[in-house]
Amino acid sequence: YTTGFELSDGWCILPAQTSETYKQTVCWTYENAGTAAVGTNAYNLVNGTSLYSHSGDYAAKIYATSTTQQNYIAMPAIEDVAAYDTLQVNFWMGPTYVTKSTMKPYASYLGESYSQAVIVGTMSDPMDPSTFVPIDTIIFNKDLGWVTAEYIVGDYYQGSAKYIAFKGDDELNASLHSNNKSGAQFFIDDVSIEELPSCRYPENVLLKSITTNSVTVSFTNPGK
């Protein structure tokens, strides 16, 4: 399974919305764990003067800026529990705005104070925020632009948690965005679930003893 949140993946208008601006990919859930309705703060945003997508024209926008807005999106259910240990989910996450001419984040959003946090988790009921169980919190600096991550589905399966979800945390993003709370939004794109490769990416990569012509690299062999 793969989606880039493009129109060709199938879409519908968010519940309670009437404008086609507010699109969601079919079979996905777009909701808010805050006190407000999901409203217009989690939807598929199309590229314009700014670039929002990692590829294609669209990416899923997630906004987290206060107790009223803690938006999340959840993937379609993974029904084949027996296959969980053979599957991994891959995705890309990106910063608030990327300038089309330079392909870099807006200068006004650079620096550690404009880092973002994406909470990856599982859910047994995507309509019930209380079923969200965090897997990992990924903090990435906007200076880096788009970054990617992957998780083995079986490592985090709990009971009836059939849904992988991506969530914003208002307190964490507000603290990271110490200078501009209004920028506490990020984008998810190019999500896929695929068979676990026989050769997995190394984990906990560490570089040390760096000189002009050498470096010592250490890493953890995943699955060991």
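1. Start with Ile 188. Leaving out residues up to four places away in sequence, Ile 188 touches Phe 5, Ala 59, Ala 60, Ile 62, Ile 73, Phe 91, Trp 92, Met 93, Val 118, Trp 146 and Phe 166. Contact here means heavy atoms within 4.5 Å.

2. A word on the basis. This is a predicted model, where local features need pLDDT of at least 70, side-chain atom pairs count only at pLDDT 80 or more, and totals for chains, interfaces and linings use all residues. Residues are numbered from 1 along each chain as its sequence is written, and side-chain values use heavy atoms, with hydrogens and water left out.

3. Now the core. The largest nonpolar core has 38 residues, and Phe 91, Phe 166 and Ile 188 have the most contacts inside it. Such a core is a set of buried Ala, Val, Leu, Ile, Met, Phe, Trp, Tyr and Cys residues joined through side-chain atoms within 4.5 Å. Elements that give two or more residues to this core include β9 (87-94), β15 (163-167) and β16 (185-195). β16 gives the most, with 5 residues. Apart from this core lies another, of 7 residues, among them Tyr 72, Met 123, Phe 132 and Tyr 163.

4. The overall fold. The protein has 1 helix and 18 strands; these are DSSP runs numbered from the N terminus (helices H or I, at least four residues; strands E, at least two). Of its 224 residues, 47% count as buried. Buried means under 20% relative accessible area, exposed over 50%, and partly exposed in between (1.4 Å probe, protein chains only). Among contacts between residues at least 6 apart in sequence, 67% join residues at least 24 apart.

5. Glu 150 sits in strand β14. Glu 150 counts as partly exposed because its relative accessibility is 26%. Its side chain makes a polar contact of 3.4 Å with that of Gln 88. A polar contact is a pair of N or O atoms within 3.5 Å; within protein, one must be able to donate a hydrogen and the other to accept it, and residues adjacent in sequence count only if both atoms are side-chain atoms. Glu 150 and Gln 88 are 62 residues apart in sequence, yet 6.7 Å apart in space, C-alpha to C-alpha.

6. Last, Ile 210. This residue is in the loop between β17 and β18. Ile 210 counts as exposed, with a relative accessible area of 59%.
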